[in-house]
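Reader: I would like to go through this model term by term and hear what each label rests on. Please set each value against its criterion.

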Amino acid sequence: MTEAEQSVAPENPKMTADNVDIFYGEKQAIKNVSIAVGTDLVTAFIGPSGCGKSTFLRSLNRMNDTIAGAKVTGSIKLDGENIYDPAMDVVQLRARVGMVFQKPNPFPKSIYDNVGYGPRIHGLAPNKADLDVIVERALRQSGLWDEVKDRLQESGTALSGGQQQRLCIARAIAVDPEVILMDEPCSALDPIATAKIEELIHELRGNYAIVIVTHNMQQAARVSQRTAFFHLGTLIEYGKTTDIFTNPKNERTKDYITGRYG
Amino acid sequence: MNSTAPVTTPTAAPLRRGPTAWKSGAMQGRIAARYAAERRFRRTGLAAVLLSGLFLAFLLFTMVGNGLRGFTYTSVAVPIDFAASPLTVGRDAFTAPDADQQLAGAGLREIVDFAAEEALGADGAALISENAWRIVRDELKANPDKATQRGTFALPVASAIDTAAKYDGTADAERAVTALREKGLLSTGIHWPFFTGADATDPAVAGIWGALKGSVMTIMIAFAVAFPTGVLAALYLEEYAARNRWTDLIEVSINNLAAVPSIIFGLLALSVFIQFFGICQASPLVGGLTLALMTMPVIVIASRNAIKSVPPSIRDAALGVGASPVQVVFHHVLPLALPGIMTGTIIGMARALGETAPLLLVGMRAFIGDVPTGFCSASTVLPMQIFLWSDQVDRGFVEKTSAAIIVLLIVLLSMNALAIYLRNRFEKRW
């Protein structure tokens with residue numbers, strides 16, 4: 001943990017994790033991780049397969065609750081509120097901390113209903129006109145509006161992979177979250193679609209705290225301002241992305257980013 | 001995990017081998033054997049398909065061959081002069097609520113028998129069905145003006161005469177048919193009472209409607225009970241219940257229930273529904289509850305499989321935007337699983353529709369001469385009607401049996417067609 005403690009903490013943290021351990025039954029997937037994720041910053045989690053970065057990401061909006069036998073100890077706070085507190089409403093938490101998954105997973109509904117679903121169930125749009133506005137804004141923000149504005153009633157699953165993923169991002173931002181978690185959002189996409197998503201992440205940066213898990217170190221270098229390197233369930237090094245990639249303090253970080261293992 | 005050394009085994013000597021003899025005799029033999037196996041498999045498969053097609057064709061051929069004549073009946077034209085031999089009741093008797101009893105007491109049967117003897121000779125009353133007067137009664141009820149005039153009525157012939165007209169009958173009957181044919185009085189037409197009546201001892205008035213309506217009402221009860229229970233049980237087991245020994249036990253029990261012979265469910269229904277709860281026996285209500293017991297495990301299994309096949313990524317997506325577990329189930333999982341659930345349910349219902357054994361035990365075996373009027377009135381069902389008619393010796397009932405089978409098959413095929421339609425209509429891709 002010493003390396004992580006030495007690292008630069010963001011000036012105004014949005015989410016703070018302290019001494020977090022995550023278990024799947026007997027197996028410990030995350031060991032004593034403490035990290036703060038900053039507002040207006042893109043934070044990348046990198047590390048070899050099975051290092052626990054996705055597990056940790058899923059603990060930030062309690063998606064691990066759905067996995068039988070998963071247990072989280074320590075504290076994870078959103079704006080100072082412990083999200084594992086019994087008083088925390090998990091439904092509201094997931095609206096505030098949205099998530100984009102590895103494989104594009106639009107609902108088999110129309111494009112409009114995909115984006116409108118979140119606002120509808122949270123009662124954010126009192127009437128159809130308001131919902132229209134929200135849907136259009138979310139689609140514009142995700143850069144999909146011009147491509148789909150004439151076919152909003154077509155099925156979301158009929159779009160291409162990259163468009164589907166941007167639709168999923170639009171769906172996440174339609175409920176106006178504070179944090180967006182992205183779990184390897186480009187791993188199923190081709191390079192052009194990937195470039196579009198990365199561009200989108202750049203544009204979204206100012207409005208949301210974004211946490212992205214990626215296998216692609218170039219991507220981490222391109223899109224993020226902070227990078228956290230995980231290895232075997234521990235946080236090895238956390239710091240400014242430029243520092244991590246040009247001047248890693250830890251040997252293992254250096255070995256990983258130079259491609260010695262991974 | 002972090003090894004970067006190339007994967008080599010330097011100690012093993014490289015395997016040297018001559019070029020493979022692709023053209024050798026042994027190799028050619030193996031290829032020929034492979035092709036032969038392929039041909040054999042294809043021929044066996046084709047033979048299996050042909051055999052089942054043959055069985056189906058045979059079934060349809062015999063059923064339709066025998067059954068179509070069950071939908072027709074021979075009638076004889078008999079003039080009845082109500083002006084000469086008037087009924088002993090007034091005109092308002094035809095519209096009274098107890099019109100059937102009033103007309104039965106008004107000498108209608110005697111008038112019809114007398115008219116038959118006048119028109120067809122001394123044994124005329126024996127040539128027409130003993131229920132012919134009921135046909136006249138129904139016609140008069142529909143059109144009371146006829147009750148005071150002279151008119152010609154197409155009366156159903158006696159069962160023996162109908163058999164002689166359609167196939168070969170007794171010598172007496174054949175003679176009578178020949179005589180009537182010469183006078184041009186016989187005609188064959190669709191047997192409407194078959195579609196409107198209930199069971200009877202006389203094939204001239206026996207109908208399928210009572211059993212069909214009984215079947216429909218029974219299935220409605222079974223569906224109304226088994227579908228919600230089965231689907232909710234499946235949703236709970238799949239989406240909410242923790243995986244532990246208890247749910248394993250429940251799963252095994254449900255699978256076992258689906259395999260329990262249906263007659264056992266009949267016994268259970270007899271002791272629980274009729275003897276303990278005292279529900280009206282032989283009714284669509286108790287029959288439907290019995291079939292619901294039998295169908296529910298099938299629905300649970302089909303629904304669980306359909307729910308399981310909804311991709312977890314859809315649940316993640318919905319949870320990820322902040323849907324509550326109930327919203328995930330009712331907005332996403334259930335709509336996506338519904339085609340599978342409906343297909344399984346309709347197939348379960350079709351099986352229940354053809355079920356006889358459990359209903360024997362709740363009293364639906366009885367002779368029911370009336371069309372059921374409510375869920376608690378005595379009733380029978382189509383397969384039971386087939387079973388009862390097939391027991392009769394009268395030739396007229398043999399063709400009625402086949403006709404009833406055709407009706408049952410049509411109902412079953414329409415249900416299966418509905419299942420396919422619903423599956424295609426609501427199926428969604430992701």
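Reader: What is the mean pLDDT of chain B, and how much of the chain reaches 70 or more?

Author: This is a predicted model. The mean pLDDT of chain B is 86, and 96% of its residues reach 70 or more. Over residues 1-5 of chain B the pLDDT is below 50. Beyond near neighbours in sequence, that stretch has five contacts in the model. As scores for the model, ipTM is 0.88 and pTM is 0.81.

Reader: What makes β1 and β4 of chain A a pair, and in which sense do they run?

Author: Pairing requires at least two bridges. A:Asp21 stands opposite A:Thr73 in β4(A).

Reader: How do you know that β4(A) and β5(A) pair?

Author: Two bridges join β4(A) to strand β5 (residues 81-82) of chain A, and at least two are required, so the strands count as paired. They run antiparallel, with A:Lys77 opposite A:Asn82 in β5(A). The two strands form a hairpin with two residues between them. In the turn, A:Asp79 has a positive phi of about 50°.

Reader: Which strands of the six-stranded sheet in chain A are edge strands, and why?

Author: The order in this open sheet is β6-β7-β8-β3-β9-β10 of chain A, with mixed pairing. The edge strands are β6 (97-100) and β10 (234-240) of chain A; each pairs on one side only. On average, neighbouring strands of the sheet are turned by 15° against each other, direction ignored.

Reader: What joins β7(A) to β8(A) and to β6(A)?

Author: Strand β7 (residues 179-183) and strand β8 (residues 209-213) of chain A pair in the parallel sense over five bridges. A:Val213 in β8(A) is the bridge partner of A:Asp183. Four bridges join β6(A) to β7(A), also parallel, and A:Val100 has A:Met182 in β7(A) as its bridge partner. Helix α7 (residues 161-173) of chain A packs on the sheet, touching β6 and β7 of chain A. The direction of α7(A) makes about 170° with that of β6(A).

Reader: Which residues of β6(A) are called buried, and what does the label require?

Author: The label requires 20 or more other C-beta atoms within 10 Å of a residue's own. A:Val97 and A:Met99 point one way from β6(A), A:Gly98 and A:Val100 the other way, and all are buried.

Reader: What do the buried residues of α5(B) pack against?

Author: They pack against α2 (99-104), α3 (108-120) and β2 (150-156) of chain B. Among the buried residues of helix α5 (residues 132-142) of chain B are B:Trp133, B:Ile135 and B:Leu140.

Key
Residues are numbered from 1 along each chain as its sequence is written. Chains are lettered from A and ligands numbered from 1 in the order in which they are written. This is a predicted model: local features need pLDDT of at least 70, side-chain atom pairs count only at pLDDT 80 or more; totals for chains, interfaces and linings use all residues. pLDDT is the predictor's confidence in each residue, from 0 to 100. Two residues are in contact if their C-beta atoms, placed from the backbone, lie within 7 Å. Axes are lines fitted to C-alpha atoms, for helices over the stretch in contact, and angles run from 0 to 180 degrees between N-to-C directions. A residue is buried if 20 or more other C-beta atoms lie within 10 Å of its own, exposed if 12 or fewer, and partly exposed in between; C-beta atoms are placed from the backbone.
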